[in-house]
Each structure stands twice: as structure tokens, then as C-alpha cells.
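Subject: Structure handover

Hi,

Here is the structure I promised to pass on. My notes follow below it.

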Amino acid sequence: MNVTIRVAVKEDCTRLLELINELAVYEKAPEEVTVTLAEFIDAGFGQKPVWKAFVAEENGLIIGFALFYTRYSTWKGCRLYLEDFLVTDACRGKGVGKLLFEKVIEEAKNGNYNGMVWQVLDWNEPAINFYNKYTADIESGWLNASFSKEQTKNLV
């Protein structure tokens with residue numbers, strides 16, 4: 001494979017959103033993707049960008065991505081948060097994920113972050129095995145909590 005890892009640009013957003021939907025299907029939650037393309041573009045390339053991403057490209061086609069942002073921990077300080085990380089099914093097991101993941105690790109190291117964090121579903125054995133190769137600390141005991149946009153409108 002002749003894969004290039006590069007920083008995502010605005011023109012990549014349509015393809016990135018396709019891959020985000022692919023990830024949601026894999027994670028058995030396709031209905032959870034509610035962001036519009038316009039919102040996604042604005043969040044990455046608008047007046048106040050909040051995310052960055054690396055893409056893996058082969059022959060002009062994006063086959064994977066790693067989307068991240070700065071997260072602040074009152075206990076640890078600024079940490080790089082890896083929000084989503086995906087290599088298309090047809091390209092898995094060929095080293096593309098390793099290239100992307102290590103690029104994000106470099107970003108955490110070179111950006112003077114106090115570490116890097118992400119989540120993995122407890123049933124996602126391939127991902128857990130991948131992260132274990134890097135001797136990642138995979139925590140237990142924390143439950144995720146959230147409000148939807150509609151819930152926030154109705155709460156206070």
C-alpha cells in the first residue's frame with residue numbers, strides 16, 4: 001500500500017463524514033450521528049475551529065482518519081483527546097491504523113500535551129488488542145454521561 005498521512009483540509013469533510021457514519025454503523029449506533037455537514041465544516045474550519053484531523057489517503061481516496069482536539073483536565077492539564085479513529089474495513093490489518101495512530105501520538109508529544117486520551121467500547125476486541133500493543137492504560141469504572149441538544153433546551 002502507498003499510503004500518505006496528512007492534515008485534513010476543509011475539502012475532506014464530506015468524505016470524513018462518510019467515514020464517521022461508517023464508524024457509527026460499526027459501533028452499532030448509526031442513528032447517533034446527527035451533525036450536519038455544515039456544522040462539521042464550521043467546527044473544523046470556521047471562525048473558531050475546535051477539531052483537527054489526520055487522514056490516511058491512498059490513490060486520492062481517504063481510507064482512514066483520526067480526529068482530535070485539546071481537552072483540559074483539572075487533574076492533568078491539557079491533553080490531546082482522540083475523538084474518532086477509523087480505517088475502512090477493506091484496509092484494516094495493513095498498517096494504516098498504525099501510521100495514523102502514531103501520527104496522533106507525535107502530535108501529542110510535539111504539542112507539549114500532558115498525555116493523550118480516548119475511549120474504546122468494551123466489546124471492540126480488535127481495537128482493544130490494537131491499543132494493548134502500545135501498552136495503553138485502559139480504565140474501567142467510568143460511565144459516560146451526556147445531554148443531547150434537545151435535552152439542554154428543555155432542562156433549564
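Buried means under 20% relative accessible area, exposed means over 50%, and partly exposed lies in between (1.4 Å probe, protein chains only). Helices (H or I, at least four residues) and strands (E, at least two) are DSSP runs, numbered from the N terminus.

Two caveats. This is a predicted model: local features need pLDDT of at least 70, side-chain atom pairs count only at pLDDT 80 or more, and totals for chains, interfaces and linings use all residues. Residues are numbered from 1 along each chain as its sequence is written, and side-chain values use heavy atoms, with hydrogens and water left out.

Helix α4

Ala127, Ile128, Phe130 and Tyr131 are buried in α4. They sit on the same side of α4, because they cover an arc of only 160° around the axis. That arc is taken from the directions from the helix axis to the C-beta atoms. The cover over the buried residues of α4 includes β4 (77–87), α3 and β5 (116–118). Contact here means heavy atoms within 4.5 Å.

Aromatic pairs

Rings of Phe, Tyr and Trp (its six-membered ring) pair if their centres lie within 6.5 Å; planes under 30 degrees apart count as stacked, over 60 as edge-to-face and the rest as tilted. There are 14 aromatic pairs in the structure. One of them joins Phe101 and Tyr131: tilted, 5.4 Å centre to centre, 45° between the planes. Phe101 lies in helix α3 (residues 96–110) and Tyr131 in helix α4 (residues 125–132), so this pair ties together parts that are 30 residues apart in sequence. Phe101 and Tyr131 are both buried.

Tyr131 also pairs with Phe130, edge-to-face, at 5.6 Å centre to centre and 75° between the planes. Again, both Phe130 and Tyr131 are buried. One aromatic cluster takes in Phe85, Phe101, Trp118, Phe130, Tyr131 and Tyr134.

Charges over rings

The criterion: NZ of Lys or CZ of Arg within 6 Å of the ring centre and within 35 degrees of the ring normal. Lys28 lies over the face of Trp123, 3.8 Å from the ring centre. Arg92 lies over the face of Tyr26, 5.1 Å from the ring centre.

Lys103

Which helix holds Lys103? Helix α3 does. Lys103 counts as partly exposed because its relative accessibility is 30%. Leaving aside residues up to four places away in sequence, Lys103 touches Ile5 and Phe54. Val35 is 68 residues from Lys103 along the chain, and their C-alpha atoms are separated by 26 Å.

Best wishes
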